[in-house]
Amino acid sequence: MAKVIVFCVALMPLIWLVTDVVLGRIGPDPGQEITERLGIAAFQLLLVTLLITPLKKMTGWPGWLRHRRMLGLFAFFYAVLHVLAFLQLILGWGDLWATFTRRPYIALGAVAFLLMIPLALTSTKAMMKRMGRRWKPVHRLIYLSAIFAWLHFLWQARSDVTEMVVYGLLLLALLFIRAYWFGVSSLVPLRKSRA
Ligand code: HEM
C-alpha cells in the first residue's frame, strides 16, 4: 500500500502538468513552463531520494529503503521528460552536440543527466546482485549528479536566486549529514564502502 501511495505522489507533478496543459493554464510560453516544471520535479525527487538514508538512520526504520529505488527512477523519468521537452519544445533535434554545449548551464544539466543513466540502468535487484560490492560506490554518483543538477539550476536563474539557494542549502545539509555519519569516503564513488 505504501508503495502505491509513493508512486501516486511521485506521479503528481506530471498529472498536474498534463491537467494544466489540457485546460490551457500553462502560461504564455508553454515550452519553457513545461521544461521548467519537469526539471524542478526531477531535482526535487533527486533530493527526496537522497533523504531516504538519513531518514532511515534517524528513525531506525529500514522500511524507508523500500521506496528509494522507485523515487530514484522517478527522478530519472522526470529528467528524461525534461530533456525531451527541451529538445522538442525549445531547441529542436538538430545538432545535439551544439545544443548541449551551447551554454554552460545546459552542459552542466547534460552532465547531471549522463550521471543518472548508469544509476537507472543498474537499479534493478539483478544488477545489484551482479555488481556486488561495486554497486554502492557506483550509486554514489547520485551525489555528483545532484551537485551538477543544482549548478545547472543556479546557472539558468535570470534574477532572483532565493529558490536555488534554498535548494542548495538542502543539498549541502544532505551531503553534510552523509559525510558526518559515514565519513567523507562515503561521498566518493569507487572507493571502498564503510556505510
Ligand atoms: C541534457 C540535460 C539537460 C538539459 C538540456 C536541460 C535544459 C534545461 C533548460 C533549457 C532549462 C531552462 C528552461 C528555461 O527556463 O528556459 C532547465 C531548467 C532546469 N533544469 Fe534542466 N536540463 C537538463 C538536465 C537536467 C537535470 C538532470 C535536472 C535535475 C535532475 C535538471 C533540472 C532543472 C531545473 C531544476 C531547472 C529550473 C526549473 C525552474 O526554473 O523552475 N535539468 N533545464
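**Questions on a predicted model**

Mentor: Gly39 lies in helix H2. The model is predicted.

Trainee: Why is Gly39 called buried?

Mentor: The relative accessible area of Gly39 is 15%. Buried means under 20%, so Gly39, at 15%, falls in that class.

Trainee: How far apart are Gly39 and Val80 in space, C-alpha to C-alpha?

Mentor: Their C-alpha atoms are 9.2 Å apart, while the two residues stand 41 residues apart in sequence.

Trainee: What makes Asp20 and Arg25 a salt bridge?

Mentor: The N to O distance between their side chains is 2.5 Å. The cut-off is within 4 Å, from a side-chain nitrogen of Lys or Arg to a carboxyl oxygen of Asp or Glu. The pair is an Asp and an Arg at 2.5 Å, so it counts as a salt bridge.

Trainee: Are Asp20 and Arg25 buried or exposed, or partly exposed?

Mentor: Asp20 has a relative accessible area of 7%, so it is buried. Arg25 is at 49% and therefore counts as partly exposed, since exposed means over 50%.

Trainee: Which salt bridge joins Arg37 and Asp20, and what is its N to O distance?

Mentor: The side chains of Arg37 and Asp20 meet at 2.8 Å, N to O. This pair links distant parts of the chain, with Arg37 in helix H2 and Asp20 in helix H1 (residues 2-22), 17 residues apart.

Trainee: What of Glu33 and Arg37?

Mentor: Their side chains also form a salt bridge, at 3.1 Å from N to O. Both residues belong to helix H2, 4 residues apart, or about one turn of the helix. Glu33 has a relative accessible area of 27%, so it is partly exposed. Through shared partners, the salt bridges join Asp20, Arg25, Glu33 and Arg37 into one network.

Trainee: Why is Arg37 called partly exposed?

Mentor: Its relative accessible area is 24%.

Trainee: How many salt bridges does the rule give?

Mentor: The count comes to 3.

Trainee: How do you know that Ser145 is buried?

Mentor: Ser145, in helix H8, has 0% relative accessibility. The limit is under 20%, so Ser145 is buried. Beyond residues up to four places away in sequence, Ser145 touches Leu46, Ala112, Leu115 and Met116.

Trainee: Why is Thr99 called buried?

Mentor: Thr99 sits in helix H4 (residues 96-100). Its relative accessible area is 7%, so Thr99 counts as buried. With neighbours within four places in sequence left aside, Thr99 is in contact with Phe86, Leu87, Leu91 and Ile106.

Trainee: Which residues are closest to the ligand?

Mentor: The closest are Gln32, Glu36, His82, Phe86 and His152, out of 23 residues that surround the ligand. By class, this shell has 15 nonpolar, 6 polar and 2 charged residues. Helix H2 (30-59), helix H3 (68-91), helix H5 (104-121) and helix H8 (141-155) each supply at least two of the shell residues.

Trainee: Which residues does UniProt list for "transmembrane region"?

Mentor: The unreviewed entry lists residues 73-93, 105-121, 141-158 and 164-184. In the model, residues 105-121 are 100% helix and 0% strand, with end C-alpha atoms 25 Å apart. Residues 141-158 are 83% helix and 0% strand, and their end C-alpha atoms are 28 Å apart.

Trainee: Which residues does the UniProt annotation "domain: Ferric oxidoreductase" cover?

Mentor: That annotation, from an unreviewed entry, covers residues 38-149. The span is 80% helix and 0% strand, and its end C-alpha atoms lie 13 Å apart.

Methods. Residues are numbered from 1 along each chain as its sequence is written. This is a predicted model: local features need pLDDT of at least 70, side-chain atom pairs count only at pLDDT 80 or more; totals for chains, interfaces and linings use all residues. Side-chain values use heavy atoms; hydrogens and water are left out. A residue is near a molecule or strand if one of its heavy atoms lies within 4 Å of it. Ala, Val, Leu, Ile, Met, Phe, Trp, Tyr, Cys and Pro count as nonpolar, Asp, Glu, Lys and Arg as charged, and the others, Gly among them, as polar. UniProt positions are given in the numbering used here, feature names are shortened, and annotations may be inferred rather than shown by experiment. Buried means under 20% relative accessible area, exposed over 50%, partly exposed in between (1.4 Å probe, protein chains only). Contact means heavy atoms within 4.5 Å.
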